[in-house]
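Grab a pencil and open the viewer. Here are some exercises, each with a worked solution that you can follow step by step.

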Amino acid sequence: MKLERKITVVVIILSLIGVLMIYSASQIWAEFKHGTEYFYLIRQLVFAIIGIPLMILISRFDYRLLYKHSTAIYIFAFTLLALVLVPGIGVVRGGARSWIGIGQFSIQPSEFIKISVIIVLSKYLAKYQEDTKNLKSVIIIFCFVLFNFIFIMIQPDLGTGLVLVLTAVIMIYIGGIKIKYLVNAAIIGAVGFAGLVISAPYRMNRILAYLNPWDDPLGTGFQSIQALFALSPNGLFGRGLFNSIQKFYYLPEPQTDFIFAIIVEELGMIGGLIILGLFVLLFVYGIKVAYRSKDKFASFLALGLTSLIFVQVFINVSVVVGLIPVTGITLPFLSYGGSSLAINLISMGILINIAKKTKEY
């Protein structure tokens, strides 16, 4: 099977599993909050039905159009991000002003800014890769990434900002930046991150809850503890599809950040490993596309889009199993969220297009 078809198949399988598991995870909460167990299922299904054909359509366009229009794409995405801060346009959910919405319909602009930054960085690295060895170019790159990170943090949305920064760092590292520059940036970033945590009590509470969730089992440690309860006692094959106990108001909104816990609870270790195996396949295929492309822009773009998925999967699963503090990062293709699913499918459409065009060189 051709590489682009392999990517398409894996992405569609993950998206369809996501629709199924969102229904399983959300049916109790949806019935309680919205009066119908199909509330989240219908919305995710709509985005999947629109998003999968859109992915296939995008895979037929020439990715080099992104190089030509990278500035316009970024300006559009950044404008949406800035509109979130405008009263009457931005919508507050969970304490963060991260949405633009009308009625039941809403989008999360920070999802779109991630892909636009990857496109701009790919173009810059393709044109000026040799310049990454001098300090001036490194400062320009990091200032660009930091600028977008600050705007995301104003909402505030530390998780999305962290994903953006880590993806950019991977791209810059592969681009050939000197290690000493990367180390210095990491030190500055660590100090800044510590300042962000200290400046916001809820972030400090998340760190403390991570260190010992049992200090506040009904408060800040509640999600982490319930996720571990979902993961631990279910053996190789789990309780069976639709038979989760934790979705009965134990794990808050289980269809979002902690859906992997429900997957393992219902489908067991085997189900969890199959999901992780599909992501590993997607990562390997994406790296192959990046490696095989003789077009530098395409290579960096494929690397960035693949890294974006990898970073989100790594952070989300690490949170669920208790390796790192709660960050609010969704699991690509599987967690509930129309904006997240749409942008992930769009990014995979671009990756598939690069895989197709690579054979032309």
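Helices (H or I, at least four residues) and strands (E, at least two) are DSSP runs, numbered from the N terminus. This is a predicted model, in which local features need pLDDT of at least 70 and side-chain atom pairs count only at pLDDT 80 or more, while totals for chains, interfaces and linings use all residues. Residues are numbered from 1 along each chain as its sequence is written, and side-chain values use heavy atoms, with hydrogens and water left out.

**Exercise 1. Two loop residues**

Find where Phe-333 and Phe-242 lie, and state the phi of each.

*Solution.* 
- Step 1: Start with Phe-333, which sits in the loop between α12 and α13 (338-358). Its phi is near 70°, a positive value in a residue other than glycine.
- Step 2: Turn to Phe-242, in the loop between α10 and α11. Here phi is about 75°, again positive, although Phe-242 is not a glycine.
- Step 3: Check burial, where buried means under 20% relative accessible area, exposed over 50% and partly exposed in between (1.4 Å probe, protein chains only). Phe-333 is buried because its relative accessible area is 1%. Phe-242 counts as partly exposed, because its relative accessibility is 35%.

**Exercise 2. The pair α1 and α2**

Work out how helix α1 and helix α2 pack, and which residues meet.

*Solution.* 
- Step 1: Take the geometry, with axes as lines fitted to C-alpha atoms (for helices over the stretch in contact) and angles running from 0 to 180 degrees between N-to-C directions. α1 (residues 3-34) and α2 (residues 39-58) pack at about 160°, their axes 6 Å apart.
- Step 2: Classify the angle: under 35 degrees counts as roughly parallel, over 145 as roughly antiparallel, 65 to 115 as roughly perpendicular and the rest as oblique. α1 is therefore roughly antiparallel to α2.
- Step 3: Find the hand. A crossing is left-handed if the near helix is turned anticlockwise from the far one by less than a right angle, and right-handed if clockwise. For α1 and α2 the crossing is right-handed.
- Step 4: List contacts (heavy atoms within 4.5 Å). Among the α1 residues are Val-11, Ile-22 and Trp-29, and the α2 residues include Phe-39, Leu-45 and Met-55.
- Step 5: Sort by class, where Ala, Val, Leu, Ile, Met, Phe, Trp, Tyr, Cys and Pro count as nonpolar, Asp, Glu, Lys and Arg as charged, and the others, Gly among them, as polar. The contact of α1 with α2 has 14 nonpolar, five polar and one charged residues.

**Exercise 3. The pair α11 and α12**

Describe the packing of α11 against α12, then find a helix whose buried residues pack against both.

*Solution.* 
- Step 1: The packing angle of α11 and α12 is about 160°, and their axes are 9 Å apart. α11 is therefore roughly antiparallel to α12.
- Step 2: α11 passes α12 in a left-handed crossing. The residues in contact include Phe-279, Leu-282 and Phe-283 of α11, and Leu-303, Ile-309 and Phe-310 of α12.
- Step 3: By class, this contact of α11 with α12 has 16 nonpolar, four polar and no charged residues.
- Step 4: The helix to find is α10, whose buried residues pack against α11 (259-292) and α12 (296-320). Ser-224, Ile-225, Gln-226, Ala-227, Ala-230 and Leu-231 are buried in α10 (residues 222-231).
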